[in-house]
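Reader: Please show the sequence and the model, then take my questions in turn.

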Amino acid sequence: MLEVLQESLRKAPIVIRGEYPYFIHPISDGVPSLEPELLDEIADHMIDIAGSDYDRIVSIEAMGIPLATVLSMKTGKPMSIVRKRQYGLEGEVVLSQSTGYSKGELYINGVNKGENILVVDDVISTGGTLKALLPALEKMGAEICNVIVVISRGDGAAEISDMGYKVETLVKIDVDMNGVSILEVAGEQQ
Ligand SMILES: O=P(O)(O)OC[C@H]1O[C@H](OP(=O)(O)OP(=O)(O)O)[C@H](O)[C@@H]1O
Ligand code: HPA
């Protein structure tokens, strides 16, 4: 299950950002090369999990964009990208994002009151990004029906679940200076 994703994670190099061991991977960074075979495997898996009961896909700049694009093309659902740049459009919502290695502002546009939203992202780690984004989407009047993240490391996903959101991840990993270890793969017995 998810063989291409597992194989690519085992090859991921590690760099240190501050004190954070950061894995570099095609899905989370777009480097060194994002192969269609990998995107296709992941998108088909996410579509299986997501069902069809949602109106819009929402994802986050930068590396949510290829995922949301493939899902949108395969499902025919529209997508909105939460950006790191302000547009100043009417109804734009700003929130503060914090990850294990960065802090900044995110700007939501294009999400309408009453819509059912599928949120997708490449990685969840501290959960800082989704902890800020999900309540902000609800405050805009949207309903979050599912959150699907490809790669989970650390406690962020469990914390988001504890906040009452339905979170699914394709693979759980551990990261240290020696590389990535795969802890759990969706749909596989441990
Ligand atoms: O769970 P967290 O600790 O919040 O980390 C997860 C976030 O970190 C990465 O985004 P980043 O801001 O690095 O943006 P990028 O997609 O531009 O690399 C990733 O795409 C997630 O959005
Ligand atoms: O270690 C990481 N690698 C890539 N993207 C990430 N987003 C949060 N942590 C990471």
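Author: Helices (H or I, at least four residues) and strands (E, at least two) are DSSP runs, numbered from the N terminus. The model is predicted: local features need pLDDT of at least 70, side-chain atom pairs count only at pLDDT 80 or more, and totals for chains, interfaces and linings use all residues. Residues are numbered from 1 along each chain as its sequence is written, and chains are lettered from A and ligands numbered from 1 in the order in which they are written.

Reader: Which element gives the most residues to the shell around ligand 1?

Author: A residue counts as near if its C-beta atom, placed from the backbone, lies within 6 Å of the molecule or strand. By that rule 17 residues surround ligand 1, with Ala-62, Met-63, Thr-99, Thr-126 and Thr-129 the closest. At least two shell residues each come from β7 (116-124) and α5 (128-139). The most, four residues, come from β7.

Reader: Which residue is joined to Ala-62 by a cis peptide bond?

Author: Ala-62 sits in the loop between β3 (56-60) and α4 (64-75). Most peptide bonds are trans. Here the bond is cis, with omega about -5°, and the partner of Ala-62 is Glu-61.

Reader: Is Leu-2 buried or exposed?

Author: Leu-2 is in the segment before α1 (3-10) and has a positive phi of about 50° although it is not a glycine. A residue is buried if 20 or more other C-beta atoms lie within 10 Å of its own, exposed if 12 or fewer, and partly exposed in between, with C-beta atoms placed from the backbone. Because Leu-2 has 21 other C-beta atoms within 10 Å, it is buried.
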